[in-house]
Amino acid sequence: MLSRLFAPKVKVSAHCDLPCGVYDPAQARIEAESVKAVQEKYQANEDADFRTRALIIKEQRAELAKHHVSVLWSDYFKPPHFEKFPQLHQLVNDTLKALSAAKASNDPKTGEKALELIAEIDRIFWETKKA
C-alpha cells in the first residue's frame, strides 16, 4: 500500500544529473586558449619557479578543457547528431587526444592544434542548435 502511495506518478528522464540544458563549446575553447597562452609564456620565461607554476596551471586547464569536451560528447550530442555528423565521434576523440598532448607539452603548436579541433566541434554544435 505504501509503495503505491509513494511511487512516482510520472516517469521522467534527463541527459544529465541536473538537466540545466546549458552547453557551449566556449567553455572548452577558453580553457584551451589558456593552455596555449601558458605554453607561450613558459617558452618566454626562464625563471624556474614561474615555469613550475605554468606547468601546473597548463595541466589543470587542459584537464578542464577535456572535461568540457567530454560533457558535450556524453550529455549534449545525441544519436541524431551523430547520424548527421558521422565524423563527430572521431573528432571528439582526436580533440581529447590533442588536449592530452597539449597537457604533456610546452609547445604552443600542441595548444593550437587542440584549439583548431575545438573550433570544429563548435561549428557542429551550433549547426545542431539550428535544428
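Which residue forms a salt bridge with Lys 130, and how far apart are the closest N and O atoms?

## Basis of the model

The model is predicted: local features need pLDDT of at least 70 and side-chain atom pairs count only at pLDDT 80 or more, whereas totals for chains, interfaces and linings use all residues. Residues are numbered from 1 along each chain as its sequence is written, and side-chain values use heavy atoms, with hydrogens and water left out.

## Salt bridges within helices

The partner of Lys 130 is Glu 127, with 3.1 Å between the closest N and O atoms. A salt bridge here is a side-chain nitrogen of Lys or Arg within 4 Å of a carboxyl oxygen of Asp or Glu. Both residues belong to helix H6 (residues 108–130) and stand three residues apart, about one turn of the helix. Helices are DSSP runs (H or I, at least four residues), numbered from the N terminus. Lys 130 is exposed at 65% relative accessible area, while Glu 127 is partly exposed at 26%; exposed means over 50%, buried under 20%, and partly exposed in between (1.4 Å probe, protein chains only).

In helix H2 (residues 26–43), Arg 29 and Glu 33 are four residues apart, and their side chains form a salt bridge of 2.9 Å, N to O. Arg 29 is partly exposed at 34%, as is Glu 33 at 37%.

## A link between helices and a network

Glu 63 and Lys 103 form a salt bridge at 2.6 Å. This pair links distant parts of the chain, 40 residues apart: Glu 63 lies in helix H3 (residues 48–76) and Lys 103 in helix H5 (residues 88–104). Glu 63 is partly exposed at 36%, and Lys 103 is partly exposed at 25%.

The structure holds eight salt bridges. Lys 36, Glu 40 and Glu 112 are joined in a salt-bridge network.

Note on methods
Helices (H or I, at least four residues) and strands (E, at least two) are DSSP runs, numbered from the N terminus.
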